[in-house]
Amino acid sequence: PGSPRAPPPAPAGCPRRSPRFGAAGRTETARDGAMESSGGRAEGSGRGPRVLVVGGGIAGLGAAQRLCRHPAFPQLRVLEATARAGGRIRSERGFGGVVELGAHWIHGPSQGNPVFQLAAKYQLLREKDLSEENQLIETGGHVGLPSVSYASSGVSVSRELVVEMASLFYSLIDQTREFLHTADAPVPSVGEYLKKEIRQRAAGWTEDEETRKLKLAVLNSFFNVECCVSGTHSMDLVALVPFGEYTVLPGLDCTFPGGYQGLTSRMMASLPEDVIVFNKPVKTIRWNGSFQEALSPGETFPVLVECEDGACFPAHHVIVTVPLGFLKEHLDTFFEPPLPAEKAEAIRKMGFGTNNKIFLEFEEPFWEPDCQYIQVVWEDTSPLEDVASELRHVWFKKLIGFLVLPSFESVHVLCGFIAGLESEFMEMLSDEDVLLSLTQVLRRVTGNAQLPAPRSVLRSRWHSAPYTRGSYSYVAVGSTGDDIDQLAQPLPTDGTEAQLQILFAGEATHRTFYSTTHGALLSGWREADRLIALRDPQAQLPGPWL
């Protein structure tokens, strides 16, 4: 592999016969590890380019949907490592309804958001979420205020104090977005900037010591919220200067009443039935080669995708949509020849963290009927102090609190969010341990030692997921938006070899919408359009939301 001149033999482990690509609607049978077609149209160089999409998340489905609509791409396959499509969009039936183990909201549901547009087209949203009024609300990307704030001593924190600290915190977050075009940043990270400013403000507080400590504890809770929003362990890891490049769309965040996966299911249903191949994890992508297969004599392919089960797929173009966490872990083995140094370096430098959810089901609610978000404040914490403790003793202190999910009939569910190393530690615990810890937390903060334990627990484990290894990307200290663009750059970059052999999509490749489903969808469309423009320069590309 790597020599464009001599056709190399198939790598060890690949079947002599490679899978055939072809028209939709035929049956496939596995034989000798290869996908053989029974029936279908004659294939070969006259059938148009072979395109492989690696990953069946919303970026991969978006790319496939776009390409399937163009006559130049009859030979298309999506290789999905797991048994389901959707990637980090994952809705599961539980507690008598649907819960989101992955993506939760449409962030900024408005005219500029393609996920919102697609969800509206498929009629998956409520009337109020579609209203013009809802689309015009400006949230600044900030999480709404808690309905109630419980402190670890078992008392409620006054609404006035929480509002005052929220106002301070979010005004400082807004300030961090203003360093984008400055030559000199005062500090490298968002976290350091916030702490520097808070230290100055706290010096002027005139309340008693106990109140000042409580204010810092409330601020610490907001830091934990921001870690969940950014998908990071600490805001000290998030680069200050590029932070303002992330673009917040207008609109009050909304959810899918029938589950987010309804969107990816509809996208999948629009594809020809044999396009997606499930349980097909990719091991190595060999590029800049000249690969042949017995079924297409005389034709050569610049790319060969080798799967974990030994099956091999030769292709002209491959769109890679795997999560950045997976790329980080498999950087040294996933591409042959290895990626160019500058692209590999961008992958290493960019941030990718974990944000998990813990769902608790209760027989009866202990919260008020109009309660939407319960904040938990640990009075012995402060963003200005780093206290080293064993994770097993303190992991739950990173939990921001609980969202109250809409009731399903007589079922009452809280959804806790937790980010960072504490979140990754939580994944290793048993359900029983998690349930016990959070029962103790809730009894402590509510001051009710008799509070009934939750009936059951369900949680996400995104860091343990082998094909994800975390939740979503952020711009880490030492990286910039240029690294995102570098990751999005197709290969080869010199333009002398066959064009657009490997293309890159996924939320981590979108410079202004990274970490979002709409960024992922747009990136899939972007790479599909790149191929359409290459193969059909006269093509009228669809508008961005079609």
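## Basis

This is a predicted model, in which local features need pLDDT of at least 70 and side-chain atom pairs count only at pLDDT 80 or more, while totals for chains, interfaces and linings use all residues. Residues are numbered from 1 along each chain as its sequence is written, and side-chain values use heavy atoms, with hydrogens and water left out.

Helices (H or I, at least four residues) and strands (E, at least two) are DSSP runs, numbered from the N terminus.

## Helices 6 and 7

Helix 6 has buried residues (under 20% relative accessible area; exposed is over 50%, partly exposed in between; 1.4 Å probe, protein chains only). Among them are Val190, Tyr193, Leu194, Glu197 and Ile198. The buried residues pack against helix 5 and helix 7. Contact here means heavy atoms within 4.5 Å. Gln200 also lies in helix 6. Gln200 is exposed, at a relative accessible area of 51%.

Helix 7 has 22 residues. Its first and last C-alpha atoms are 31 Å apart, close to the 32 Å expected. At its start, a side-chain oxygen of Asp208 comes within 3.1 Å of the backbone nitrogen of Glu210. Just after the helix, Gly231 has a positive phi of about 65 degrees.

## Nonpolar cores

A nonpolar core is a set of buried Ala, Val, Leu, Ile, Met, Phe, Trp, Tyr and Cys residues joined through side-chain atoms within 4.5 Å. The largest one has 48 residues. Met165, Phe169, Leu219, Phe222 and Phe359 touch the most other members. Elements giving two or more residues to this core include helix 5 (159-176), helix 6 (190-203) and helix 7 (209-230). Strand 16 (373-377) and strand 18 (412-419) do too.

Phe169 touches Leu194, Leu219, Phe222, Phe223 and Glu226, not counting residues up to four places away in sequence. A second, separate core has 44 residues, including Val53, Ile89, Leu271 and Ala520.

## Glu100

Glu100 sits in strand 6 (residues 97-100). Glu100 is buried yet has no salt bridge. Lys357 is the nearest side chain of opposite charge, 6.2 Å away. Lys and Arg count as positive and Asp and Glu as negative; His and the chain ends are not counted.

The Glu100 side chain makes a polar contact with the side chain of Ser91 at 2.6 Å. The Glu100 side chain also reaches the backbone nitrogen of Tyr260 at 2.6 Å. A polar contact is a pair of N or O atoms within 3.5 Å; within protein, one must be able to donate a hydrogen and the other to accept it, and residues adjacent in sequence count only if both atoms are side-chain atoms.

## Salt bridges

The structure holds 30 salt bridges, each a side-chain nitrogen of Lys or Arg within 4 Å of a carboxyl oxygen of Asp or Glu. Asp274 pairs with Arg77, the closest N and O atoms being 3.8 Å apart. Asp274 lies in the loop between helix 8 (261-269) and strand 8 (276-277) and Arg77 in strand 4 (residues 75-79), so the pair ties together parts 197 residues apart in sequence. Both residues are buried.

Lys196 and Glu197 form a salt bridge at 3.4 Å, N to O. Lys196 is partly exposed at 29% relative accessibility, whereas Glu197 is buried at 10%. Elsewhere, salt bridges that share partners join Glu245, Asp482, Asp485 and Arg511 into one network.

Key
Expected span 1.5 Å × (residues − 1).
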